[in-house]
Amino acid sequence: MEDYRLESNIFIYKVHFFSYWCTIVVSRELIEKARELHGHVCPFLVLGLRASEIAMSKLGVSRAGVSESIEEEIVVIVEANNCMSDGVQVATGCTLGNNSLIYMDTGKNAITIFKRGSRRGIRVYIDAERIRQRYFDPRATELFRKVVVERRGNPDEIEELDRLWEETGMRMASIPEEEFVVQEVEITEKLERAPIFESVRCSGCGELVMAPKAVYIDGKPFCASCAGRDVPAVVGRGIVTVFRTPFKVIKQIS
């Protein structure tokens, strides 16, 4: 038994667990920021927000601001490149672009957060199977399989999935901390801050390329694309070590 309503700029969620009521306040602004980045609201997007809030609270830190993001003081490790990672970036302020987000390709719904210089971190793991069994609408799960997994949904089914998925996502915002596995971890490896490299100009296309990424042929630097070399890449299934540039330039527009 549950309901949610909008009051001012916050969502008030009431969820009935076992024999008692609890009320949890979730920032509407945070959910809407996550929607803006991700394109829609879904369960694991909101679980990323929720897991991040738990981890930051346990560690005693807040969202990375100007100083933390420039200095890369707060670091987050995500273990899957799914919807959850977008929620983590919005909640923590640690992103791939500001070099404070590390993607570790274990395929687990987990995040770890720590401060540089400290050996203590907090890891939060989500048991997706347990969450689905307890909170997911069976119809939403059925539609997800048809629309996303099998890629054969029609426009009406996509619209219905969006509605049900958002409703399910709202439930994720209010689930108790006990539904997460929260661990204190020891940071055993010193992770470097992002190094700054010089650039060299590709002898083929003329574009600048990071010096250590250049391929030298007969003493001349080339980018991987011009050299016809495969490179590692992050794709839907995670990190692949062999990825060939999937496009070719046909003309210069401007």
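**Pocket, cavity and a helix pair**

Trainee: Which elements each supply at least two residues of the lining of the largest pocket?

Mentor: In this predicted model, they are β10 (208–210), α8 (224–227) and β13 (231–235).

Trainee: How many residues line that largest pocket, and which lie nearest its centre?

Mentor: The lining has 21 residues, and V209, K213, A224, V231 and P232 lie nearest the centre. The volume of the largest pocket is about 760 Å³.

Trainee: How do the residues of that lining divide into nonpolar, polar and charged?

Mentor: There are 14 nonpolar residues, two polar and five charged.

Trainee: Turning to the helices, at what angle do the axes of α1 and α2 cross?

Mentor: The axes of α1 (residues 28–38) and α2 (residues 43–59) cross at roughly 130 degrees and come within 10 Å. Angles over 145 degrees count as roughly antiparallel and 65 to 115 as roughly perpendicular, so α1 and α2 are oblique to each other. The crossing of α1 past α2 is right-handed.

Trainee: Which residues meet there?

Mentor: From α1, L30, I31, A34, R35 and H38 meet L45, L49 and E53 of α2. The residues of this contact comprise five nonpolar, one polar and two charged.

Trainee: What about cavities: how many are of 30 Å³ or more?

Mentor: The count is one. The largest cavity holds about 30 Å³ of space, and among the residues that line it are V78, M84, V88 and I111.

Trainee: Which element gives the largest share of that cavity's lining?

Mentor: That is α4, with three residues. Both α4 (83–92) and β6 (110–115) supply at least two residues each. By class, the lining of the largest cavity has six nonpolar, three polar and two charged residues.

Notes: Residues numbered from 1 in each chain as written. Predicted model: local features only at pLDDT ≥ 70, side-chain atom pairs only at ≥ 80, totals over all residues. Heavy atoms only, no water. 1 Å grid on protein atoms, 1.4 Å probe; cavity = no way out; pocket = protein on both sides within 12 Å on 5 of 7 lines; lining within 4 Å. Points joined across faces, edges and corners; volume = space filled by probe spheres on them. Helix = DSSP H or I, 4+ residues; strand = E, 2+ residues; numbered from the N terminus. Nonpolar A, V, L, I, M, F, W, Y, C, P; charged D, E, K, R; others polar. Axes fitted to C-alpha atoms, helices over the stretch in contact; angles between N-to-C directions. Parallel < 35°, antiparallel > 145°, perpendicular 65-115°, else oblique. Left-handed = near helix turned anticlockwise from the far one by under 90°. Contact = heavy atoms within 4.5 Å.
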